[in-house]
Amino acid sequence: MGSIWLALGFLDALVGTGFSYSRTAQGFKTGDMKHAISCYNFPRKSHPKYDSNPLYVAGDSYSGMIVPIITQAISDDIEPNHLLLGNPFTDAKFDGNSKIICYNRMALISDELYESAKSNCKQEYIDVEISNRMCANDLQTISENYYCYLCKVWATDINVQKALHIRKGSIKEWVKCNKSLDYDDDVASVVSYHLCLNTRGYRALIYSGDHDLAVTYVGTESWIKSLNLSIVDDWRPWIVDGQVAGYSREYGNNFTFATVKGAGHTAPEYKPKESFSMFKRWISQQPL
Ligand SMILES: *[C@@H]1O[C@H](CO)[C@@H](O)[C@H](O)[C@H]1NC(C)=O
Ligand SMILES: *[C@@H]1O[C@H](CO)[C@@H](O)[C@H](O)[C@H]1NC(C)=O
Ligand SMILES: *[C@@H]1O[C@H](CO)[C@@H](O)[C@H](O)[C@H]1NC(C)=O
């Protein structure tokens, strides 16, 4: 039996979130592009000895905006590699406008309210005209809320921080979402990056917890469709322990889209066993 050597890097980014911090106020100032460039420089500069290894760049949630930019920058320098994204925020319009559809598909809002919003808002729920009162009323009725209290308790625990080698005293109270970030959302869409990476021969697995309402599978599916890739293996279930764990669709040039059934934002948190099987099959170049 041979063994596989794997160098796994976990980057806690961006500055001001998680356990990442800056010693100066200026250091906290960042944005999509600046963040992507610093993520790109970090492994290339600090671990050049891994340059010749196959490279897998992965991220969840808002990393959907950053990972394709980093990967494209890397693809200018080295051979095609691999890209893995879960419930990735990708495009303000595709992702934003899909939510209302998803609320209806998930039976969270009535068909009547959905049809009313669809017609009053003309299927545009992001850039709503201030004067469009009918649309505003419908959107007011549709509201969302989700919360994770326990992760804050866990990450603030001094013993957890010790185990993670967090510099003592740097983060007293960990917050899930740092709402006071000095951050420029300077990229509105990375759909064109996905098209470019697919053309350059990057393998990609994009997966969606199908119960996630933060970045819905409906939005992810709609930007993937806009790439016009050919379908190689159409929508079918993938199975773990004899149960349907989700559905997948394989596009040309090794671009796989998969849903993880019953999982929220983000999938491995809710379905660790199924998500691990999916990952293992994909990284071993097997069909899901
Ligand atoms: C949140 O970000 C601000 C800067 O934008 C920083 O001053 C603050 O320390 C961060 N909060 C946490 C809990 O990391
Ligand atoms: C995909 O096809 C549509 C309809 O033919 C076209 O409008 C769009 O520009 C195409 N997109 C890409 C990325 O080729
Ligand atoms: C798909 O990925 C495999 C493994 O990296 C590679 O050998 C193959 O050429 C790729 N196929 C396409 C169509 O890009």
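The model is a predicted one, so to speak of a local feature takes a pLDDT of at least 70, side-chain atom pairs count only at pLDDT 80 or more, and totals for chains, interfaces and linings use all residues. Residues are numbered from 1 along each chain as its sequence is written, chains are lettered from A and ligands numbered from 1 in the order in which they are written, and side-chain values use heavy atoms, leaving out hydrogens and water.

## The sheet

Let's start with the strands. Strands of a sheet pair through backbone hydrogen bonds, either parallel or antiparallel. Here, six strands line up as β2-β3-β5-β8-β7-β6, making an open sheet with mixed pairing. (Helices, H or I with at least four residues, and strands, E with at least two, are DSSP runs numbered from the N terminus; two strands pair if DSSP finds at least two bridges between them.) At the edges sit β2 (56-60) and β6 (231-240), each of which pairs on one side only. From one strand to the next, the twist averages 15°. (Axes are lines fitted to C-alpha atoms, for helices over the stretch in contact, and angles run from 0 to 180 degrees between N-to-C directions.)

Here is how some of the neighbours are joined:

| Strand pair | Bridges | Direction | A bridge pair |
|---|---|---|---|
| β5 and β8 | six | parallel | L205 and T256 |
| β6 and β7 | seven | antiparallel | W238 and G246 |
| β7 and β8 | four | antiparallel | R249 and F257 |

Two of these pairs are hairpins. Between β6 and β7 there are two residues, and D241 in that turn has a positive phi of about 55°. Between β7 and β8 there are three residues, with N253 in the turn.

Now for the ligands. A residue counts as near a ligand if one of its heavy atoms lies within 4 Å of it.

Around ligand 1 you'll find G16, F28, I171, E173, V175, N178, S180, L181 and D182. By class, that shell has four nonpolar, three polar and two charged residues. (Ala, Val, Leu, Ile, Met, Phe, Trp, Tyr, Cys and Pro count as nonpolar, Asp, Glu, Lys and Arg as charged, and the others, Gly among them, as polar.) The backbone does some of the touching: a backbone N or O atom of G16 is 3.3 Å from an oxygen atom of ligand 1. For S180, a polar backbone atom lies 3.0 Å from an oxygen atom of the ligand, and for D182 that distance is 3.2 Å. (A polar contact is a pair of N or O atoms within 3.5 Å; within protein, one must be able to donate a hydrogen and the other to accept it, and residues adjacent in sequence count only if both atoms are side-chain atoms.) On its own, ligand 1 exposes 360 Å², and the protein buries 69% of that. (Accessible areas come from the Shrake-Rupley method with a 1.4 Å probe; for residues, only the protein chains shown count as cover.)

Ligand 2 has L195, S226 and N228 around it. A polar side-chain atom of N228 is 2.3 Å from an oxygen atom of ligand 2, while a polar backbone atom of S226 is 3.5 Å from a nitrogen atom of the ligand. Of the 360 Å² of accessible area that ligand 2 has on its own, the protein covers 28%.

Ligand 3 is surrounded by R203, N253, N254 and Q285. That shell has no nonpolar residues, three polar ones and one charged one. A polar side-chain atom of N254 comes to 2.2 Å from an oxygen atom of ligand 3.

Most residues other than glycine have a negative phi, and most peptide bonds are trans. What is the phi of N253? N253 has a positive phi of about 60°, although it is not a glycine. The peptide bond from A13 to L14 is cis, with omega near 5°, and L14 lies in the segment before β1 (30-31). Another cis peptide bond joins H265 and T266, with omega about 5°. T266 sits in the loop between β8 and α10 (267-270).
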